[in-house]
Amino acid sequence: MADHDLVLGNPGLALGQNHELVIGEGQGLGLGHRHGLVLSHPHDHDLDLGQSHSHDLALGHSNESQLVLGHHHHQHHHDHGHDDGEELALGQNHDADQDSLAQSHELGISDNHELTLAETHDLSVDHSLDQLSVDHEQELALGLTQEMLQGQLVVSQVLQARAVVVSPDHQLTVGQEFADVKSCRRAIRDTAIACHFEIQTVKSDKTRFTARCAAEGCPWRIHAAKLTGVPNFTIRTINETHTCSGIYHLGHQQASVEWVANSVEEQLRENPHYKPKEILEEIHRMHGITLSYKQAWRGKERIMATVRGSFEEGYRLLPQYCEQIKRTNPGSIASVYKNPEDDCFQRLFISFYASIYGFVNACRPLIGLDKTVLKSKYLGTLLLATGFDGDGALFPLAFGVVDEASDENWIWFLSELHALLEANTENMPRLTILSDRQKGIVDGVDFNFPTAFHGFCMHHLTESFRKEFSNSALVDIFWGAAHALTDYEFDAKMREIEQISPEAAFWIGRIPPRLWATAYFEGTRFGHLTANIVESINGWILEASSLPIIQMMEYIRRQLMTWFNERREASMQWGTILVPSAERRVSDAIEHARGYQVGRANEAEFEVVSPREGSIIVDIRNRCCLCRGWQLYGLPCAHGVAALLSCRQNVHRYTESCFTVATYRKAYSQTIHPIPDKSLWKEMSDSNQNANNQIALVVNPPKSLRPPTKPRKKRVRSEDQGRAKRIVHCSRCNQTGHFRTTCAAPV
């Protein structure tokens with residue numbers, strides 16, 4: 001005997017755990033389309049959901065399931081409810097002998113509450129069934145269908161209707177006045193949405209507005225007209241009677257993008273991260289209206305454009321914005337470049353004077369270069385150049401916005417950076433530069449900073465290595481080789497890699513060690529092997545990258561202004577000579593130096609003997625040690641500390657000046673000043689002739705537009721490539737390939 005389980009969902013009737021309806025071979029169970037629950041039979045046996053009687057089969061919350069075959073000539077009805085007494089009554093409308101009934105029907109209940117019908121009885125089809133519903137007002141019809149003979153369950157579509165209601169907050173009365181025709185139309189629209197009916201405009205112009213109910217034959221109608229001599233509109237006539245039944249679909253004709261924007265304006269101003277999906281849920285909860293994702297997205301964009309300005313306006317105001325930066329932050333550099341042929345935006349370079357002063361006078365001579373792709377309407381790439389303060393934190397120096405990170409744009413950016421440093425220093429420092437060594441960066445560094453040491457950023461290098469070999473153990477050893485201070489330690493790490501994977505060792509061997517390995521790198525990186533600037537500031541740079549260009553730069557400026565102020569105030573609480581990170585490193589070196597033996601050769605040269613490393617030579621005059629730790633990090637290593645303590649020297653005097661608290665405070669001594677609102681720019685620039693000449697520049701948006709698809713916020717992992725997509729299911733029409741919110745099936 002084939003088993004067929006019947007389960008009706010959340011709003012309906014459930015034959016729960018271990019409650020099965022079992023029908024013999026050749027017999028089917030169908031869901032029909034008529035009000036009523038019927039098992040068709042040559043004798044009309046009606047199986048109804050009615051109130052619990054003495055002749056009931058209990059299916060539901062009750063733990064006791066009983067079956068009584070009644071012989072009454074009336075039907076036993078049971079309204080489906082949620083109490084423990086829910087029972088299913090099997091009535092009989094003709095006289096029958098109990099014994100013959102038992103013999104002919106062979107109906108029984110097994111231990112696990114199964115209802116069994118013998119093979120000798122067929123269930124006939126009732127083709128007049130027309131609707132399925134499982135609430136308190138409608139009944140459930142069961143009939144034989146061909147689909148159920150094939151093991152399929154067919155459910156008819158659920159109709160959603162919203163009847164016309166009266167909303168106390170949206171009352172329209174004769175004589176009611178509005179400021180203008182737009183306010184009048186908006187009030188009528190809001191009333192239609194709140195009261196669950198749609199309107200059709202009959203006449204609309206500058207002096208009158210007439211609308212009626214969109215339902216055929218409904219007498220509701222309203223007419224408003226302009227008052228003489230004033231712009232106010234007033235309702236002249238209104239027929240408030242509705243004969244229609246309301247709305248019979250999920251949406252609403254008056255639920256326009258403008259209405260969506262007005263509905264969620266307050267939430268968006270408080271929380272700009274309000275997602276379109278959340279807007280859809282809020283509107284459905286408040287108004288019962290189902291909108292498309294595109295409507296919610298466009299509504300959000302319309303409000304955000306009023307809050308932050310449009311993307312096009314951002315490019316148009318760039319010349320004025322650059323002028324405001326130079327006016328409010330004297331000494332800053334802000335330049336915008338356009339294509340002379342079509343006046344389209346090409347490049348932007350900005351560096352605040354506070355950053356320039358701090359880098360030149362107080363930071364380590366180390367620059368990291370990085371980039372991030374913008375997610376705004378017109379795409380583009382943000383180029384970044386950062387230094388590192390004495391405590392090891394990022395110190396943003398300059399920003400560039402270009403259409404793409406091409407070789408030409410990198411060369412331009414580095415030429416601007418060189419001009420910046422040259423204009424603010426008497427002697428150009430010998431820099432150490434870290435990057436992914438893209439060809440344009442290499443050419444730009446060679447041309448603009450010929451004396452600089454240019455090394456690989458280990459973050460970019462190890463990520464490429466990880467994609468090639470996908471071995472975490474090899475990546476860790478690779479990092480160990482990069483950190484090795486001596487060539488002996490470096491060679492030991494490379495032998496480990498070769499033993500595990502000769503191919504990996506060959507891949508690394510193609511890159512000269514002088515470009516990435518600490519043991520062979522000629523410049524001073526102060527322990528910094530990476531320039532993954534974007535990874536470090538990803539928390540706020542990702543948010544800024546989706547804004548219009550001026551809003552993005554303002555977001556960055558505010559972040560820098562906050563950083564400078566917070567770090568300046570924090571340093572005022574430090575009572576040590578060195579910054580906290582340097583102080584900890586020196587303290588650790590002093591602790592390790594206690595077990596070393598020191599021999600002095602002359603006033604500067606020492607021999608330090610350690611139990612593990614043997615004899616190490618230290619020169620305190622040149623601040624160097626055979627282990628190379630002192631030279632590479634700018635702080636005395638444990639051997640150097642042992643030598644200094646043996647001759648009673650102050651260890652702090654032998655550290656690089658950038659590690660002192662006094663120098664750190666100097667790095668953040670200047671202030672990044674705020675910029676006034678754009679509504680005040682024109683007024684402030686009227687008295688400045690140079691500013692007026694600069695503002696006369698016309699900058700149009702670039703031609704590169706974001707594709708219509710939603711930009712990806714997160715990186716797609718390699719392990720997800722090629723994976724089969726999940727099949728989605730619509731809960732409204734029971735079809736696959738879309739969700740309920742995007743369902744376009746007629747209701």
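This is a predicted model: local features need pLDDT of at least 70, side-chain atom pairs count only at pLDDT 80 or more; totals for chains, interfaces and linings use all residues.
Residues are numbered from 1 along each chain as its sequence is written. Local features need pLDDT of at least 70, side-chain atom pairs count only at pLDDT 80 or more, and totals for chains, interfaces and linings use all residues, while side-chain values use heavy atoms, without hydrogens and water.

Helices (H or I, at least four residues) and strands (E, at least two) are DSSP runs, numbered from the N terminus. Two packed helices are described by the angle between their axes and the distance between the axes. The axes of H9 (residues 353-362) and H10 (residues 407-424) come within 11 Å and cross at roughly 70 degrees. These axes are lines fitted to C-alpha atoms over the stretch in contact, with angles from 0 to 180 degrees between N-to-C directions. H9 and H10 are therefore roughly perpendicular to each other (65 to 115 degrees). H9 contributes Tyr353, Ile356, Phe359 and Val360 to the contact (heavy atoms within 4.5 Å), and H10 contributes Leu420, Leu421 and Asn424.

The UniProt annotation "domain: SWIM-type", from an unreviewed entry, covers residues 616-648. Such annotations may be inferred rather than shown by experiment. The span is 42% helix and 18% strand, and its end C-alpha atoms lie 19 Å apart.

Valine 598 lies in strand S19 (residues 597-600). Valine 598 counts as partly exposed because its relative accessibility is 32% (partly exposed lies between buried, under 20%, and exposed, over 50%, with a 1.4 Å probe and protein chains only). Beyond neighbours within four places in sequence, valine 598 is in contact with Phe606, Glu607, Val608, Ala642, Ala643 and Ser646. Valine 598 and cysteine 647 are 49 residues apart in sequence, yet 9.8 Å apart in space, C-alpha to C-alpha.

How values were computed. Angles under 35 degrees count as roughly parallel, over 145 as roughly antiparallel, 65 to 115 as roughly perpendicular and the rest as oblique.
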